[in-house]
Amino acid sequence: MAYSSWFSRLRSSSRTIYANFRNPGFKTNHTNPINTTDVVTSTKPILSWSSSLLPLALAVSAGSLAIHVQTNPSLCDSFDVDARGVSVGGKGSTEFVVKGSHKDIPRELLDELKAICQDNMTMDYEERYIHGKPQNSFHKAVNIPDVVVFPRSEEEVSKIVKSCDMHKVPIVPYGGATSIEGHTLSPHGGVCIDMTLMKSVKALHVEDMDVVVEPGIGWLELNEYLEPYGLFFPLDPGPGATIGGMCATRCSGSLAVRYGTMRDNVINLKVVLANGDVVKTGSRARKSAAGYDLTRLVIGSEGTLGVITEVTLRLQKIPQYSVVAMCNFPTIKDAADVAIATMLSGIQVSRVELLDEVQVKAINIANGKNLPEAPTLMFEFIGTEAYSREQALIVQRIASEHNSSDFVFTEDPQAKKELWKIRKEALWACFAMEPSFEAMISDVCVPLSHLAELISKSKQQLDASSLICPVVAHAGDGNFHTIILFDPINDEHRREAERLNHFMVRTALKMEGTCTGEHGVGTGKMKYLEEELGIEALQTMKRIKTVLDPNNIMNPGKLIPPHVCF
């Protein structure tokens, strides 16, 4: 069988790359095993909608105050400008270092934080630097947090936020440190709230197929906990991502083509607002038409509206059976065309992943593999044994009509695990090609019918560039990433990386796509939002932010471009 020789190539000289290519310097002495409780309980009052700020914010977002508000500098963020007079993070910005103002934290606030957190806080420079520099991102800021706190409960988070609001000191929530668009930078200093000690499974409802968790638990840890119950949480971003951060960035992953994104898999949240109030965004019912959809307002808000302290997640049954298939193509357009044709055929695949020849080469270098270095599609089919095999054969026929070669599939559990492992570690594999370089990662997403055209146009630019630019795509939903490797101290490299990224974003927007399919905005994508969404949408976001966070302490300088006023 063709599979046997292919899998022997895959397994040969296998070695783990995650530890080798991720920053080895990250350490923490704050560890806490996953805790579980049988039921959700709370001794703290939860605000009713009538007493919270959220209905007012949504009313404002609808424009009810617009007729009374004129453009007012007090309702704009203060911002720096570059040498061309362009606001940093605003339209046309090419700045890589996020600027910000800084003032010393009052002694009174430090005393209050010490009383709240006891020993679970630090002002150690190395710890503050690690929390102020994203581990997998080229984005930097002029400042780092002044203090890092590690709350253990929702009550502690509420007290921390309330104290910071009273002293008007910025807050930056922090999870698994896997975000790549500068979400956890602290350009204004302030307090970094590290949520990793809050990692309990608070309640599992097997018959309802949902689970209530704290935000610090990782999706991998959660699925280990759920496996004995025959359940799993289907979103699978990068290894190390936590549930709270996944909510904040509205992430997805390779399984989104089957199960949807984070917004489709969160039932409700508990959130600490800027004034310290705790709000629950909904019930545990699978559907509800009661009031504003506050859950989806918070999902994707990137810590700018509140700090997530509890998440109720929708779960899925672990598939009865699965088949994983791979095939190669002469061009990346052929591969993208097969992904589109597969989706149009009505086959309910659970994964459709595309890797270009550069990405496969990186995998070979990093893992000691001998995979064919050609554009490659990876599929996963789930269901009964007969149904999964039938789907694989149908896709094999589709692929054969688009110049495919070496179509192989496996049902072996270890082989399937190995395949998805190397796919999930694609980013770190790229660093094997240029260990001292950094990565600018595109995240464009377009309507599926435009995917082949977008990838083809992008590849022309990427192949002509002097930089190494591997491509990996969630081809089933029109989302693809280019990992642009560049020397951070080489200005020419920086300009070329920015040019390539800019080209792909602008091309995607012309196709009615988005600058970010799953990574979020942070500081890196703010400059594209007005072109994508329009100034009216951004002003509406600004109104919501201003009502919920009048002192602008919640992750300031992120998501909403600084030039947006109302």
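So, Val-149 stands opposite Ile-193 in S6, and that's where I'd like to start. Strand S6 covers residues 191-194, and strand S4, residues 147-149, pairs with S6 in the parallel sense over 3 bridges. When I say two strands pair, I mean that DSSP finds at least two bridges between them. And helices (H or I, at least four residues) and strands (E, at least two) are DSSP runs, numbered from the N terminus.

Before going on, two bits of housekeeping. This is a predicted model, where local features need pLDDT of at least 70 and side-chain atom pairs count only at pLDDT 80 or more, while totals for chains, interfaces and linings use all residues. Residues are numbered from 1 along each chain as its sequence is written, and side-chain values use heavy atoms, with hydrogens and water left out.

Okay, back to S6. Strand S5, residues 171-174, also pairs with S6 in the parallel sense, over 4 bridges. There, Val-172 has Cys-192 of S6 as its bridge partner. Which residues of S6 are buried on each side? Val-191 and Ile-193 are on one side, Cys-192 and Asp-194 are on the other, and all of them are buried. Buried here means under 20% relative accessible area, exposed means over 50%, and partly exposed is in between, with a 1.4 Å probe and protein chains only. As background, in a regular strand the side chains alternate between the two faces of the sheet.

Next, strand S15, residues 351-355. Here 5 of the 5 residues are buried, so S15 is largely enclosed by the rest of the structure. Arg-351, Glu-353 and Leu-355 cover one side, with Val-352 and Leu-354 on the other. S15 runs antiparallel to strand S16, residues 376-383, with 5 bridges joining them, and Val-352 stands opposite Phe-379 in S16. S15 is also joined to strand S20, residues 471-474, by 3 bridges, again antiparallel. On that side, Glu-353 has His-474 as its bridge partner in S20.

Arg-351 turns up again with an aromatic ring: it lies over the face of Trp-420, at 4.4 Å from the ring centre. The rule is that NZ of Lys or CZ of Arg must be within 6 Å of the ring centre and within 35 degrees of the ring normal. Lys-416 gives us another case, with its charged end over the ring of Tyr-321, 5.9 Å from the centre.

Tyr-321 leads us to Glu-385. Leaving aside neighbours within four places in sequence, Glu-385 is in contact with Tyr-321 and Glu-411, where contact means heavy atoms within 4.5 Å. Glu-385 lies in helix H14, residues 385-400, and counts as partly exposed because its relative accessibility is 36%. Its side chain makes a polar contact of 2.9 Å with that of Arg-389. A polar contact is a pair of N or O atoms within 3.5 Å; within protein, one must be able to donate a hydrogen and the other to accept it, and residues adjacent in sequence count only if both atoms are side-chain atoms.

Thr-410 lies in strand S17, residues 405-410, and is buried, with a relative accessible area of 2%.

Now, rings with rings. Rings of Phe, Tyr and Trp (its six-membered ring) pair if their centres lie within 6.5 Å; planes under 30 degrees apart count as stacked, over 60 as edge-to-face and the rest as tilted. How many aromatic pairs does that rule give? The count comes to 5. Tyr-225 and Tyr-229 have ring centres 5.9 Å apart and planes at 45°, so that pair is tilted. Phe-232 and Tyr-259 have centres 5.8 Å apart and planes at 85°, so they're edge-to-face. This pair links distant parts of the chain, 27 residues apart, with Phe-232 in strand S9 and Tyr-259 in helix H9. Phe-232 and Tyr-259 are both buried.

Last stop, the whole chain. The secondary structure comes to 20 helices and 21 strands. Of the 566 residues, 58% count as buried. And among contacts between residues at least 6 apart in sequence, 76% join residues at least 24 apart.
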